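Good morning, and thank you for coming. I shall speak about one structure and take its features in turn.

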Amino acid sequence: MIAAGSETPLSAPLDVGFDYTRSVGPVLGRFVNALRERRIVGIRGSDGRVHVPPVEYDPVTARALTEFVDVADEGTVVSWSWAAEPLAGQPLERPFAWALIRLDGADTALLHALDAGSAANVHTGMRVRARWSDEPVGHIRDIAWFVAADAPPDPAPTPPPPPVAEREDGEPVGTIITPIHLRYQHSASPEESRYLRGLAEGRLIGQRCPACRKVYIPPRGACPTDGVPTAEEIELPDTGIVTTFCIVNVPFLGQRIKPPYVAAYILLDGADIAFLHLVLGCAAEEVRMGMRVRAAWRPCEEWSTTLENITHFAPTGEPDAPYENFAHHL
Amino acid sequence: MTNLTDVAVVGFAQAPNVRRTHGTTNGVEMLVPIFAQAFERTGLSKQDIGFWCSGSSDYLAGRAFSFVAAVDAIGAFPPIHESHVEMDAAWALYEAWLKIRMGEVDTALVYGFGKSSAGELRRVLALQLDPYVTAPLWPDSIAVAGLQARLGLDAGLWSEKDLAEVAIRSRADAAANPYAQVSGHAEVSELLDAPFVADPLRAHDIAPVTDGAAVIVLASVERARDLVERPAVIAGIDHRVDSPALGSRDLTRSASAEAAGRAAGAGSAGPVEVAELHAPFTHQELILREALGLGEGVRINPSGGALTGNPMFSAGLARIGEAATRILDGDARRALGHATSGPALQQNLVAVLERG
């Protein structure tokens, strides 16, 4: 037995992304549709202050606000911080300032980027103006960034606009789309890492919970019943039974096998916890609870640290397990 | 309402604050040992816990339902009574406090965990911002804090030296805290000679990126007296939130911390001796001291505070745990724990604890 945790757990990059679509409603809708025309509108609060960007409800009285006010695309820096190494997705790829900017005609400040070349060129109170996107679409990024009010015109193109939602010709923008992409380093637990490394060698490694004595495959950082890590390592055979199953008839995005096919819980001989896999090698309607199956492995030169080394489980032709042998696993 | 049950903190445990763990993002590896410690310190077992509540974030983990996987660490069989907040676990503590206060249960275990190192923390935190007109620009957490810090510098409310002194005191105190990530001696001049990370902020102004977890056990006062010698009774607790419109707030003060502190009784019934403030940036400690009316006589962050270890989603809970520990250990009679969440101190929770 090799103690779990004696090797560095496996980890791999995990990139996740989603295009968030949001309906803008009457207040933010007014704001983004004005941006599309290279105009900026604010809204008057209960106390008479003009909020830019507009807020739907007054931050103090919570009253719904309705009085829109046009403001300038030029204003004054109220505060700033320097972004020496811009991060993915930020308005500029070269060093820039984040700035709170009070536009002329507004009483609150808008947070945006300020293209100034160096921190030495930025100061509180400096006058700035919007650098409009070459292709405004009705999104906060229609303002590409701000520049010093006296900066010469910049002929360089602005970054491409964010994606736009489909709408009827002549209709105002009702939805904004913001792509979000995040990168992580995803780690497997020490116990899962033992199991995944075993798979790369064509072995099925389970572990026993020291409290309830059940054998888990994959092994667990904590037994869900007892809250302690599984420890004692058990090598399991690649044979077992189908405890329960379903016949997949519905096509879906990313499906790799043509329906109908069977997704089943496979309980390996000697394990106490079943896992989900495919049962192929017979007609879907022939799959039964209690059916004996064996793993179908890919050629060993294709093995890596994944259960995909086993393409599916196939019937062995042995007699079915009696129901009472697996009833407590259902 | 009458006959509301008083609630006390009876146990606290935390995982070491570290830059990076090899563990999973569901926190199990950090939680299993600290649950065991919390049980050992209180003499309770999992069967004794009436309600479980956690704080964590799927955005931090980069996966869906990471908090459900974390429940494995409890060993949730027979089935348990459980809840979760997608916030610092100090807010989970508030929910658990309510459960006991209403007489539904007489014990609760609250935990928070976060593997901040899994992603790019400052960038992930941009997604806490208004999703229509702010987050699409990806202003990161340090950029936003820098805007707040400069407002105070420009207004003369604090100087760069004041900020460095907060860092120096925090790091010196952390030397006595075996769980801290950053500690040691430093001089103002040496800190101010360091380059800017995000002008006006330098490295010492910014809490480190920390993996960690924490757990607190709560009990009704009646039950608490059987468990520990000096329970830390929650004399007052409240939480408040400021507008998400960053540019319409006065960022040099914290109206929400002030309101939460007042409602929790921070300024009444005698001064607190110790305050643990969840300030991930040096200038935010100064804002919070002002908002909570903590004068020169109050010992601030004897643990070193979040500037010496800021495990996301448990650092606020740990502040309450550290404050409670002063009472549990007999070092203080009245202490304050504070937690924050969101950009530039947007949301604040204050708990005032007293020796029972």
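This is a predicted model: local features need pLDDT of at least 70, side-chain atom pairs count only at pLDDT 80 or more; totals for chains, interfaces and linings use all residues.

Let me begin with a definition: helices (H or I, at least four residues) and strands (E, at least two) are DSSP runs, numbered from the N terminus. The peptide bond leading from B:Phe77 to B:Pro78 is cis, with omega near -5°.

Residues are numbered from 1 along each chain as its sequence is written, chains are lettered from A and ligands numbered from 1 in the order in which they are written, and side-chain values use heavy atoms, with hydrogens and water left out.

Chain A also has a cis peptide bond, from A:Val52 to A:Pro53, with omega near -5°. A:Pro53 sits in the loop between strand S3 (50-51) and strand S4 (68-71) of chain A.

Most residues other than glycine have a negative phi, and most peptide bonds are trans. Which way, then, does the phi of B:Asn301 go, positive or negative? B:Asn301 has a positive phi of about 45°, although it is not a glycine. B:Asn301 belongs to the loop between strand S10 (299-300) and H12 of chain B. B:Phe313 lies in the loop between S10 and H12 of chain B, and its phi is positive too, about 75°. Buried means under 20% relative accessible area, exposed over 50%, and partly exposed in between (1.4 Å probe, protein chains only). B:Asn301 is buried, with a relative accessible area of 3%, and B:Phe313 counts as buried at 9%.

We come now to helix H12 itself. Helix H4 (residues 89-101) of chain B and helix H12 (residues 315-328) of chain B pack at an angle of about 60°, with their axes 6 Å apart. Axes here are lines fitted to C-alpha atoms, for helices over the stretch in contact, and angles run from 0 to 180 degrees between N-to-C directions. Angles under 35 degrees count as roughly parallel, over 145 as roughly antiparallel, 65 to 115 as roughly perpendicular and the rest as oblique. H4(B) and H12(B) are therefore oblique to each other.

Which residues meet? B:Ala89, B:Ala90 and B:Leu93 in H4(B) are in contact (heavy atoms within 4.5 Å) with B:Gly316, B:Leu317 and B:Ile320 in H12(B). The residues of this contact comprise five nonpolar, one polar and no charged. In this scheme Ala, Val, Leu, Ile, Met, Phe, Trp, Tyr, Cys and Pro count as nonpolar, Asp, Glu, Lys and Arg as charged, and the others, Gly among them, as polar.
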